[in-house]
Amino acid sequence: MRSLFHFGGSSVTSVQLDKPRISGAARHPGRPGVALAVIAACQLMVVLDATIVNIALPHIQTALAFSTTDLSWVLSAYTLTFGGLLLLGGRAGDILGRRRVFMTGILLFTLASLLGGFAQEPWQLLAARALQGVGGAIASPTSLALITTTFAEGPERNRAFGVFAAVSAGGGAIGLLAGGMLTEWLDWRWVLFVNVPIGVLIAVLTPMFISESERHPGRFDIAGALTSTGGMASLVYGFIRASEDGWRDSLTIGSFATALVLLALFVVIESRAREPIIPLRMFADRNRAGTYMIMLGLAAAMFGMFFFIVQFVQNVLGFSPIQSGLGFLPVTVAIVTAAGLSQRFLPRFGPKPFMVAGSALTGSGLAWLSFIETDSSYVSGVLGPMVLFGFGMGLNFVTLTLTAVSGVAPREAGAASGLLNASQQVGGSLGLSILVTVFGTASREEAAKQFPAFMAKADPGQLAAFKETGRLPDPWGDLVLTQGISTAFLAAVVMAGLALATALLVIRVRKSDLEALNGAAAEAGPAA
């Protein structure tokens, strides 16, 4: 490397030998914007995959001859493996190096997307979706942890978390829009194929702009990983099974019993393990523990909102896939706007005001949606409450993300971020299953009320359709669907209410947190 020094107006040129590049260092360091773009692109790809398939489900059912019951597993196969393995993915990044694990997850996710796009049989698609979940579980928590090692604590990291949280929050709505366009303009297979070029590009750019993190020698907590994954998967499956076959079904009861045993065993294992997958001491911090609880409640409400509004706008309002996707753009705008505001003012006021306000707005939006009726239009019944809901979620996502990892030792950042992501995915999966159960109960009761009127007024064609499908045709079917949706939103209000109560009663504003958010503390230790 040539360097030029000036002494008294004359120049002297000296030649220095280039230092060898440190192993694991980025080939093009000093470009944090590009590094953040790579990390955010990974998170966007993983998050939107949970919703991008939703709009394509009818086309998938026709193409691969899925039954209605089996079709639900196109979503569940992804969320079960994703939520169940997030804890292990975060720990793997701590032990093996986050960049290495990040790239492994991306490549696995990309391969699974390619295989799923070429699926010719139902089992092939389900296997690919489960493999996608594994890849996402490896890449997603590692991407969040990479922010903690790539950006200095303070305003720089806060801005990075703001971008990351906005992408995480808006990814669901973006997935619905992208799914509508790809399904209507191309083919359902492209909701999977679209991940391939993005994943390849991320894998190429990662070693160029992101340095490897320090590896922390240790052992994998295999017993903890297996019991936590199996316990959460059994719990999610139990709720899904209950929504389809009822609470008295033997498999439903067996799933809940299995989940209880495995999760209890997980706690025992973690309390005794020398290197646990989730150090239980992290829950000793009341703000962090409260953050996880708030995420559980809000994620449950969020998954339900997207799922049921899609059903309403397509089946009752008659929206096309593209129209329904466009209908969610105001939610994305509201989330991004609120995320930017919270990121800007969080260092001044601390996390509690944003958690309280965000949870209250989210619950208010859901309560507004519970008044939805068959004659509601998009503008009168959907747009306003969705924007209110989105703004509340945006206030929370940045705040929850920063609080969850604040004060965590660098070697445990992957575990902390993995637990936050697991709270979101498991909370969403569990919450959606509970809301679907509420929806099913309310729908059956409404169908029983509508049946006499249907029998009295139906024409022969409608009677024949009912005999074939077992479902009431319109307009009676719209009444049944809408009643089920409005009742489900009431249950979602309860979930948001639990998040609000946690924010009010558990979260505290502490001087040390404000100092860390302002960058006054160069190195944050465990919060007091």
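Okay, let's start with a question: among contacts in this protein between residues at least 6 apart in sequence, what percentage join residues at least 24 apart? It's 82%. Keep in mind that what we're looking at is a predicted model.

Now the overview. There are 528 residues here, and 54% of them count as buried. For secondary structure, we get 20 helices and two strands.

On to the inside. The largest nonpolar core has 98 residues.

Skip its neighbours within four places in sequence, and you'll see Ile 309 in contact with Phe 328, Leu 369, Val 382, Met 386 and Phe 489.

Okay, now the outside. The protein exposes about 22600 Å², and 66% of that comes from carbon and sulfur atoms. One spot to look at is a nonpolar surface patch formed by Leu 96, Phe 220, Ile 222 and Leu 226. Together those residues have about 360 Å² of accessible area.

Take Leu 226, which sits in helix α10, residues 222-245. Is Leu 226 buried or exposed? Its relative accessibility is 59%, and the cut-off for exposed is over 50%, so Leu 226 counts as exposed.

That's my tour, thanks!

Methods
Residues are numbered from 1 along each chain as its sequence is written. This is a predicted model: local features need pLDDT of at least 70, side-chain atom pairs count only at pLDDT 80 or more; totals for chains, interfaces and linings use all residues. Side-chain values use heavy atoms; hydrogens and water are left out. A nonpolar core is a set of buried Ala, Val, Leu, Ile, Met, Phe, Trp, Tyr and Cys residues joined through side-chain atoms within 4.5 Å. Buried means under 20% relative accessible area, exposed over 50%, partly exposed in between (1.4 Å probe, protein chains only). Contact means heavy atoms within 4.5 Å. Helices (H or I, at least four residues) and strands (E, at least two) are DSSP runs, numbered from the N terminus. Accessible areas come from the Shrake-Rupley method with a 1.4 Å probe; for residues, only the protein chains shown count as cover. Patches are made of residues with over 30% relative accessible area and no salt bridge: like charges are joined within 9 Å, nonpolar side chains (Val, Leu, Ile, Met, Phe, Trp, Tyr) within 5 Å. A salt bridge is a side-chain nitrogen of Lys or Arg within 4 Å of a carboxyl oxygen of Asp or Glu.
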